[in-house]
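Try each task before you peek at the solution.

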Amino acid sequence: MKEAIYCHKCSHEIMKREKLAVAGLLFFLAPYHEECFARELKGPASLFMRNQPVNSAFGTVFAIISFFLLAGVLILTEGYTKLFSVFFVFPIVFRLLAYFLYERYVPR
Ligand SMILES: [Zn+2]
């Protein structure tokens with residue numbers, strides 16, 4: 001199945017995976033061109049945007065670290081403290097969503 005992914009800023013199709021930068025906004029993800037992502041970071045949207053694309057190497061490492069922190073919190077804490085684990089779920093879910101929603105549709 002081929003599905004085109006369009007840039008959130010310039011609305012052009014993103015043709016290559018290396019050009020794709022998935023931005024993590026507050027509670028949702030948006031696909032950008034690498035250049036458009038960099039430009040958007042300088043604008044007002046950056047207030048709600050993380051500095052690194054979710055699909056960057058940093059995003060992947062961050063998701064892996066979050067996974068271990070999540071496991072740690074769930075194993076080592078009791079009662080209401082377990083609620084803190086929610087913070088570590090987001091990076092993991094975002095990373096997986098970035099792949100399943102966008103990355104897999106953009107050719108290398
Ligand atoms: Zn663009």
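**Exercise 1: Ser 11**

Ser 11 sits in the segment before strand 1. Keep in mind that this is a predicted model.

**Exercise 2: The overall layout**

Task: Find how many helices and strands the protein has, and give their pattern along the sequence.

Solution. First, the tally: three helices and two strands. Reading along the sequence then gives β-β-α-α-α. For scale, the C-alpha atoms fill a box of roughly 50 × 35 × 20 Å along the principal axes. Of the 108 residues, 23% are buried. Finally, take the contacts between residues at least 6 apart in sequence: 53% of these join residues at least 24 apart.

**Exercise 3: Ala 23 and its surroundings**

Task: Decide whether Ala 23 is buried or exposed, and list what Ala 23 touches beyond its neighbours within four places in sequence.

Solution. Locate Ala 23 first: strand 1 holds this residue. Now count: there are 26 other C-beta atoms within 10 Å of Ala 23. Buried needs 20 or more, so Ala 23 is buried. With neighbours within four places set aside, the contacts of Ala 23 are Leu 29, Ala 30, Tyr 32, Phe 37, Met 49 and Pro 53.

Ser 46 is 23 residues from Ala 23 along the chain, and their C-alpha atoms are separated by 9.9 Å. Asn 51 is 28 residues from Ala 23, with 8.4 Å between the C-alpha atoms. Asn 51 belongs to the loop between helix 1 and helix 2, and is exposed, with 10 other C-beta atoms within 10 Å.

**Exercise 4: The buried face of helix 1**

Task: Identify which residues of helix 1 are buried, and say what they pack against.

Solution. Go through residues 34-41: Cys 36, Phe 37 and Glu 40 are buried. Look down the axis of helix 1, and these buried residues fall within an arc of 105°, so they line one face of the helix. As for partners, the buried residues of helix 1 pack against strand 1 (20-24) and strand 2 (29-33).

**Exercise 5: Helix 2 against helix 3**

Task: Describe how helix 2 and helix 3 pack, using the angle and the distance between their axes.

Solution. Helix 2 covers residues 57-76 and helix 3 covers residues 86-102; they pack at an angle of about 140°, with axes 8 Å apart. That makes helix 2 oblique to helix 3. The crossing of the pair is left-handed. Helix 2 contributes Gly 59, Thr 60, Phe 62, Ala 63, Ser 66, Phe 67, Leu 69, Leu 70 and Val 73 to the contact, while helix 3 brings Phe 88, Val 89, Pro 91, Ile 92 and Arg 95. Sorted by class, that contact has 10 nonpolar, three polar and one charged residues.

Methods: Residues are numbered from 1 along each chain as its sequence is written. This is a predicted model: local features need pLDDT of at least 70, side-chain atom pairs count only at pLDDT 80 or more; totals for chains, interfaces and linings use all residues. Axes are lines fitted to C-alpha atoms, for helices over the stretch in contact, and angles run from 0 to 180 degrees between N-to-C directions. Helices (H or I, at least four residues) and strands (E, at least two) are DSSP runs, numbered from the N terminus. Angles under 35 degrees count as roughly parallel, over 145 as roughly antiparallel, 65 to 115 as roughly perpendicular and the rest as oblique. A crossing is left-handed if the near helix is turned anticlockwise from the far one by less than a right angle, and right-handed if clockwise. Two residues are in contact if their C-beta atoms, placed from the backbone, lie within 7 Å. Ala, Val, Leu, Ile, Met, Phe, Trp, Tyr, Cys and Pro count as nonpolar, Asp, Glu, Lys and Arg as charged, and the others, Gly among them, as polar. A residue is buried if 20 or more other C-beta atoms lie within 10 Å of its own, exposed if 12 or fewer, and partly exposed in between; C-beta atoms are placed from the backbone. The arc is that of the directions from the helix axis to the C-beta atoms.
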